[in-house]
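Subject: Structure for your review

Dear colleague,

Please find below the structure that I am handing over to you. My notes on what was found in it follow.

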Amino acid sequence: MQVRVLFFGATADEAGVRSMPLSISSQTDVHSALEEIFTKFPRLRSHKLLYAVNQEYDSSDRKLNDGDELAIFTAVSGG
Amino acid sequence: MDFFELTSDPISIESVARRVVPPQCGATVTLDGYVRQFTKGRESLYLVYEAYEAMAIKEMKKLVEQAKKNFEISNVGIVHRTGRLEIGETSVVISVAAPHRRAAFAACEWIIRELKRTVPIWKKEVYADGECWVEGDASITPI
């Protein structure tokens, strides 16, 4: 299975990319996907992060499905 | 009609405000949020706004649905800028139409407060000697 990971603002700067595919096994939850992403981009750990699955804020035990969109970003600062 | 938009072009405040004028209403309150020159004593040269567009629009819709439950209002329009903005340029316009002004004022304040907390848009302050993505208060499902 594969999910699409999106980064914005500070997380895009830290990762050096705006999006990337991530291969996962079935039953992978958001928390374990994040651990893999932190391994690739350790500097992300220095931020307080929020995430969304398929454009909805979600909890870290949410199981990911093939084709899901997982966005990782810092606390928002629009307005 | 409610409307929710992101744009990299300058926002015409009047065009947002006058799109929210239903005949059953008596007042539209419009917030014109714009780029401040000094933040905590430090001077910004300009700002850059970035949005997670699809999710930002969904979150705007959600908070307006909630605002309609909380306040006696009829219609809301929200337009937020993205990209580079100079000092004094409008970054966000929120127009709230209501039968009576008090509900419109209260709802507009509530909507901008929630927007700054939940809608996935970020701003980068660019200074003479560096730049910094502003991180808000992470009060939603932090990791």
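How many helices and strands does chain A have? Chain A has two helices and five strands, where helices (H or I, at least four residues) and strands (E, at least two) are DSSP runs numbered from the N terminus. Read from the N terminus on, the elements of chain A follow the order β-α-β-α-β-β-β.

Some conventions apply. Residues are numbered from 1 along each chain as its sequence is written, while chains are lettered from A and ligands numbered from 1 in the order in which they are written. This is a predicted model, in which local features need pLDDT of at least 70, side-chain atom pairs count only at pLDDT 80 or more, and totals for chains, interfaces and linings use all residues.

Confidence

The model has an ipTM of 0.95 and a pTM of 0.94. For chain B, the average pLDDT (the predictor's confidence in each residue, from 0 to 100) is 94, and 96% of the residues score at least 70.

Chain A

The C-alpha trace of chain A spans about 35 × 25 × 20 Å along its principal axes. Of the 79 residues in chain A, 34% are buried. A residue is buried if 20 or more other C-beta atoms lie within 10 Å of its own, exposed if 12 or fewer, and partly exposed in between, with C-beta atoms placed from the backbone. Two residues are in contact if their C-beta atoms, placed from the backbone, lie within 7 Å. Among contacts in chain A between residues at least 6 apart in sequence, those joining residues at least 24 apart make up 55%.

Helix α2 of chain A covers residues 30-40, and its buried residues are A:Val30, A:Ala33 and A:Ile37. Why do they lie on the same side of α2(A)? They cover an arc of only 65° around the axis, which puts them on the same side of the helix; the arc is that of the directions from the helix axis to the C-beta atoms. On the other side of α2(A), A:Glu35 and A:Thr39 are exposed. The cover over the buried residues of α2(A) includes β1 (2-7), β2 (19-23), β3 and β5 of chain A.

The contact between the chains

In chain A, 23 residues are in contact with 30 residues of chain B. On the side of chain A that touches chain B, the elements giving two or more residues are α1 (9-15), β3 (49-53) and β5 (69-74) of chain A. The largest share, four residues, comes from β3(A). By class, this side has twelve nonpolar, eight polar and three charged residues. Here Ala, Val, Leu, Ile, Met, Phe, Trp, Tyr, Cys and Pro count as nonpolar, Asp, Glu, Lys and Arg as charged, and the others, Gly among them, as polar.

Two loop residues

Two residues other than glycine may be noted for a positive phi. A:Gln55, with phi near 65°, lies in the loop between β3 and β4 (56-57) of chain A. This residue counts as partly exposed because A:Gln55 has 18 C-beta neighbours inside 10 Å. B:Lys40, with phi near 50°, is in the loop between β3 (38-39) and β4 (42-43) of chain B. With 5 C-beta neighbours inside 10 Å, B:Lys40 counts as exposed.

With kind regards
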